[in-house]
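Dear colleague,

Please find below the structure that I am handing over to you. My notes on what was found in it follow directly after.

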Amino acid sequence: MTLQLKPLFAGEIDRLAIDTQLDLSSFDFQGTHPLAAPVRVKGEVVARAEMLWLTVTYVYMFEGVCDRCLAPVRFETETTAEHILVSSLNDEDSDELILVENDELELEPLAETDIYLNLPQKTLCKSDCRGLCQHCGKNLNDGLCGCQEKKGDPRFAVLASLLTEETE
């Protein structure tokens, strides 16, 4: 979706409401496409002092897998972002301002960036997820497995034997 901002920059109007849905199903996050359902975008652009202030909220359904136990994860969340839009820049290296060319702003790339920056680093099915057993692969959220818990790493067997020699 393209926002036509010419009336705002020209001073013809001072507000532009945004209420739409975006198809971001091709959005890639860690090799998956977690935004299968349309993303609801709601907000406004307000003209102030030759700049435009964009405030937007994205409401979306995140679908993925738990990083610990590989169970499906699905939750609705929202992300709010604010941006300052300008029609020209004096300092080309400004990270705080978004340069709008031809008085148009493509909303999809901005939405992808805003959502990407707010997605969790680690996706968990629940905050205390116990993960999978490192020996047999059983989901430990469903209960304990039959594996020995204190098997230890075989690479440290020599060090373990030194500890048992000292105690003898």
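How much accessible surface does the protein chain have, and what share of it belongs to carbon and sulfur atoms? The accessible surface comes to about 11,400 Å², and carbon and sulfur atoms account for 48% of that area. Please keep in mind throughout that this is a predicted model.

Overall architecture

The protein chain contains 3 helices and 7 strands. Read from the N terminus, its elements follow the order β-α-β-β-β-β-β-β-α-α. Along the principal axes, the C-alpha trace spans about 90 × 35 × 20 Å. The radius of gyration of the protein chain is 25 Å, whereas a compact globule of 168 residues would have one near 15 Å. Of the 168 residues, 27% are buried. Among contacts between residues at least 6 apart in sequence, 51% join residues that are at least 24 apart.

The aromatic residues

The search of the whole structure found 4 aromatic pairs. One of them is formed by Phe29 and Phe62 in an edge-to-face arrangement, with 6.4 Å from centre to centre and 75° between the planes. This pair links distant parts of the chain, since Phe29 lies in the loop between strand 2 (15-22) and strand 3 (39-48), while Phe62 belongs to strand 4, 33 residues apart. Both Phe29 and Phe62 are buried.

Phe29 also forms an edge-to-face pair with Tyr116, at 5.7 Å centre to centre and with 75° between the planes. Here too distant parts of the chain are linked: Tyr116 is in helix 2, and the two residues are 87 residues apart. Is Phe29 buried or exposed? Phe29 counts as buried because its relative accessibility is 6%, which is under the 20% limit. Tyr116, with a relative accessible area of 46%, is partly exposed. Phe27, Phe29, Phe62, Phe75 and Tyr116 form one aromatic cluster.

Thr123 and its contacts

Thr123 is placed in the loop between helix 2 (107-118) and helix 3 (157-167). Its relative accessibility is 4%, so Thr123 counts as buried. Which residues does Thr123 touch, not counting those up to four places away in sequence? They are Phe62, Val65, Cys66, Asp67 and Val73.

Leu70 sits in the loop between strand 4 (51-65) and strand 5 (72-86). Why does Leu70 count as exposed? The reason is that its relative accessibility is 56%, and exposed means over 50%.

The region of Pro7

Pro7 is part of helix 1 (residues 6-9). With a relative accessible area of 27%, Pro7 is partly exposed. Leaving aside neighbours within four places in sequence, Pro7 is in contact with Glu12 and Ile13. The C-alpha atoms of Pro7 and Asp103 are separated by 8.8 Å, although the two residues are 96 residues apart along the chain.

With kind regards

Definitions and conventions. Residues numbered from 1 in each chain as written. Predicted model: local features only at pLDDT ≥ 70, side-chain atom pairs only at ≥ 80, totals over all residues. Heavy atoms only, no water. Helix = DSSP H or I, 4+ residues; strand = E, 2+ residues; numbered from the N terminus. Buried < 20%, exposed > 50% of the residue type's maximum accessible area, 1.4 Å probe, protein only. Contact = heavy atoms within 4.5 Å. Rg over C-alpha atoms; globule rule 2.2 N^0.38 Å. Areas by Shrake-Rupley, 256 points an atom, 1.4 Å probe, with all protein chains shown as cover. Phe/Tyr/Trp six-rings, centres within 6.5 Å; stacked < 30°, edge-to-face > 60°.
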